[in-house]
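Subject: Handing over the two-chain model

Dear colleague,

I am passing on the structure below, together with some notes on what was found in it. Please keep it open beside this message while you read.

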Amino acid sequence: MFASRRLFLSTLAAATLTPSLPTVTLARNGGSKWMACRKTGNTFRATLFNSNGAILMDVPLPARGHGIATSSVHGQLVIFARRPGNFAIIVDLASHSIAQEITASAGRHFYGHGCFSQDGKFLYTTENDLESGAGVIGVRDVENDYALITSHASGGIGPHELALMPDGETLAIANGGILTNPELERAKLNLDTMAPSLVLMNRLNGHIASMHKLAPELHQLSVRHMSVAPTGAIALALQYEGPKSRHMSLLATFDDEELTLIDAPETLTRAMRNYAGSIAHDPSGQIIGMTSPRGNLVSFWDASSHTLLGQQTMRDVCGIAPGNLPGEFILAGGSETMNATPLSLGQSGTFADTQWDNHMVSVA
Amino acid sequence: MNWRWIGTTLICATLQVSPATADVLKQNDYVQFANALTDTIVIPAYERFAIETAVLNETLVSFCANPTPEGAKTSFDRFHDTMDAWARVQPLLFGPIMEAPGPARIQFWPDKRGTGQRHLRRVLASQDASVLNTESLATKSIALGDLQALEYVMFDEPEVLSLPASFRCAYASAIANLQRSRAASLLQDWSKPGGYRTQVINAAEGTDAFFDEREAASAYLNSIISALEIIRLQKLDRPLGLTLESARSTRAESWRSARSFRNIQLNFETITALLSAPSGLNDLTRKAQKPDTAAALARLTDKIKENLSRFEQPLSALVSDANARPELEALLTSFRDLQSLVQDRVARDVGLVPGFNATDGD
């Protein structure tokens with residue numbers, strides 16, 4: 001935006017991303033950290049904070065950010081532009097500095113999410129091939145300045161979030177199904193024919209091992225975000241593009257064989273307004289938390305039985321990540337972060353002039 | 001670093017209810033607000049657009065059959081009438097116009113990658129007859145059948161239009177005919193039984209388009225915010241550039257027909273109508289017992305209206321005029337102030353705060 005362009009250029013000159021104030025205090029309960037993108041004033045940042053709400057690092061972004069990929073192997077993380085952006089910023093956690101900035105190759109843009117291989121050597125990104133409109137998974141060589149090595153067809157249109165499965169070899173890809181083209185802003189071009197899918201892909205050769213769809217009459221439920229439990233079970237957060245007079249369930253699960261839409265009470269589906277923004281498992285992997293920013297609520301589900309455990313209200317809540325203890329989550333919405341369990345909610349931080357963006361990750 | 005798209009992000013999608021909603025406003029206030037604006041502003045604007053495109057089409061068809069200097073003048077006048085009508089519709093960024101592929105099917109602008117121009121030049125160079133048939137034109141790239149293409153065909157070499165049996169004239173007629181049909185569809189989609197007007201009117205009961213009346217009211221508020229942002233970032237900031245050296249006159253909207261400011265003025269007329277119409281946003285703000293906010297809105301809109309009327313030369317000329325830039329920057333600032341006022345204070349006062357995370361599809 002107008003002001004942010006000017007500000008961003010001047011901010012880039014800053015040598016360090018560590019704020020001089022407030023004083024950094026490590027959390028008593030283990031020192032876990034989280035990172036999420038936010039808007040502050042007319043600028044966009046990706047911000048690392050601790051469980052006391054102290055800011056540990058503030059990375060200026062040229063425009064609105066979205067997802068973040070982390071790797072514990074080399075201590076780098078990648079902040080992606082919100083679609084249809086084409087920047088991704090690599091941050092070195094140890095030195096708190098921008099290591100590199102990469103750009104989507106010509107004729108492509110990022111969809112906002114990516115993930116590393118377990119050894120941290122490869123970065124996988126969801127991308128749009130503008131000419132064909134086909135979804136693409138970009139494969140980048142981390143040790144060679146994140147150069148694009150190859151690309152695989154994602155098996156659908158509009159791949160959004162992707163995640164590495166516990167086997168270390170399979171990528172789970174949420175093909176949202178919605179065709180867009182940046183020349184037409186964010187217009188959705190194929191709502192009548194959209195066909196979202198969950199694809200399991202061999203990350204080494206791009207071979208699609210399996211593709212899973214909901215029933216044909218549910219084809220307007222866009223499969224967009226996911227969280228993978230240590231068992232390999234996948235929880236998916238959906239967005240419904242059909243008539244608003246239908247109130248849809250928005251949680252789907254995948255347990256090895258089938259993509260299943262989980263029933264939810266009508267009061268909840270009505271409140272969620274056909275839109276789930278983000279999803280995560282708690283540290284134990286036993287509980288799923290799913291946020292609904294339009295409904296200002298987060299719902300919690302048993303990861304095995306898929307029963308609803310509870311829900312909490314929080315304004316504009318979207319970012320969700322595992323907390324420090326089993327059963328705990330960290331939430332972000334508006335200018336606040338909260339600690340939450342299915343049965344409790346408490347403020348953990350409040351941030352001046354902040355609008356927290358869609359996603360949050362926990363950073364080891 | 002690619003800056004191309006920075007700043008094109010629209011504040012869009014559903015707004016949500018702030019928990020701090022002024023209890024003063026009742027369900028019926030939102031219903032009245034959305035209904036009044038639909039019937040007094042939206043439907044008339046689409047009616048006018050439908051009429052002007054039909055008149056333009058008729059004018060061009062008869063001019064091409066019998067090109068005369070008077071006919072040429074009338075054709076260009078009717079083009080401007082059509083653009084006037086479109087500029088009045090342009091800020092209404094919701095409803096049938098947003099269906100794929102969006103407002104670009106009426107006007108593909110900004111054409112940041114020059115896609116439209118490339119297609120057009122190819123068609124004009126090869127005199128590709130398939131664009132002369134409206135049905136086949138409708139199936140081609142939208143950049144070949146929109147008002148931007150029409151402006152190029154008519155204004156790039158206006159004298160060619162008047163040549164007997166000119167390709168350009170037939171092509172201009174075909175575009176006008178396609179736009180006539182699109183404008184008619186838009187009006188129809190709003191006003192037919194069960195159409196978008198009905199969706200707004202019945203929003204309180206929940207419809208296919210709206211969960212409730214607040215969402216319908218939000219569509220209007222949101223539209224005002226998005227329209228202000230488009231004026232600011234696309235219509236003013238892009239041609240201005242960061243410095244005098246980076247100013248680009250051809251980035252001004254409708255620069256070939258020298259009507260960039262007129263477009264903005266008419267956009268702003270619609271925006272002010274949404275504010276000042278009976279039961280409009282000013283009234284809603286007053287009903288929420290926020291007379292100071294309503295007064296601030298009135299002050300800022302008056303100021304912008306006055307600022308806009310002061311520019312006499314086309315925007316495309318002024319962006320690279322060092323003396324004019326301070327005034328343009330001031331205009332930009334006023335638009336930014338108005339957007340902030342509506343987005344922050346007015347939205348809060350009337351209980352319709354935009355949800356940052358509620359935007360479609362992310």
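The notes that follow take up the sheets, the cores, the domains and a few backbone details in turn.

Please bear in mind that this is a predicted model, in which local features need pLDDT of at least 70 and side-chain atom pairs count only at pLDDT 80 or more, whereas totals for chains, interfaces and linings use all residues. Residues are numbered from 1 along each chain as its sequence is written, while chains are lettered from A and ligands numbered from 1 in the order in which they are written.

**Sheets in chain A**

Some terms come first: helices (H or I, at least four residues) and strands (E, at least two) are DSSP runs numbered from the N terminus, and two strands pair if DSSP finds at least two bridges between them.

One open sheet in chain A is built from four strands with antiparallel pairing, and their order is S4-S5-S6-S7. The edges are taken by strand S4 (65–70) and S7 of chain A, each of which has a single partner strand, so one side of each is left without a neighbour in the sheet. From one strand to the next the twist averages 25°, where the axes are lines fitted to C-alpha atoms (for helices over the stretch in contact) and angles run from 0 to 180 degrees between N-to-C directions.

Within this sheet, strand S6 (residues 87–92) and strand S7 (residues 97–103) of chain A run antiparallel and are joined by six bridges. Asp92(A) has Ser97(A) as its bridge partner in S7(A), and Val91(A) has Ile98(A) as its bridge partner in that strand. S6(A) and S7(A) form a hairpin with four residues between them, and His96(A) in the turn has a positive phi of about 50°.

Another open sheet of four strands in chain A has the order S24-S25-S26-S27, again with antiparallel pairing. Strand S24 (317–322) and strand S27 (344–350) of chain A stand at its edges with a single partner strand each, so one side of each has no neighbour in the sheet. On average, neighbouring strands of this sheet are turned by 30° against each other, direction ignored. Strand S26 (residues 336–341) of chain A pairs with S27(A) in the antiparallel sense over six bridges, and Met338(A) has Gln347(A) as its bridge partner in S27(A).

**Nonpolar cores**

A nonpolar core is a set of buried Ala, Val, Leu, Ile, Met, Phe, Trp, Tyr and Cys residues joined through C-beta atoms within 7 Å. A residue is buried if 20 or more other C-beta atoms lie within 10 Å of its own, exposed if 12 or fewer, and partly exposed in between, with C-beta atoms placed from the backbone.

The largest nonpolar core has 102 residues, and those with the most contacts inside it include Ala34(B), Tyr46(B) and Leu228(B). Helix H1 (residues 27–65) of chain B provides the largest share of this core, 15 residues. The core draws at least three residues from each of domain 1 (27–39 + 207–349) and domain 2 (42–197) of chain B, the bounds coming from an automatic or database domain assignment. A second, separate core of 94 residues includes Met35(A), Leu123(A), Ala229(A) and Ala252(A).

**The two domains of chain B**

How far apart do the C-alpha centres of domain 1 and domain 2 of chain B lie? The distance is 25 Å. Across the boundary, 22 residues of domain 1 of chain B are in contact with 21 residues of domain 2 of chain B, contact meaning that the C-beta atoms of two residues, placed from the backbone, lie within 7 Å. On the side of domain 1 that touches domain 2, H1, helix H9 (213–240) and helix H10 (260–276) of chain B each supply at least two residues.

**Backbone details**

In chain A, a cis peptide bond with omega of about 0° joins Arg83(A) and Pro84(A), and Pro84(A) lies in the loop between strand S5 (76–81) and S6 of chain A. In chain B, a cis peptide bond joins Ala100(B) and Pro101(B), also with omega of about 0°.

Ala165(B) is not a glycine, yet has a positive phi of about 55°; Ala165(B) is exposed, with 9 other C-beta atoms within 10 Å. Ser279(B), likewise not a glycine, has a positive phi of about 70°, and counts as partly exposed with 18 C-beta neighbours inside 10 Å.

With best wishes
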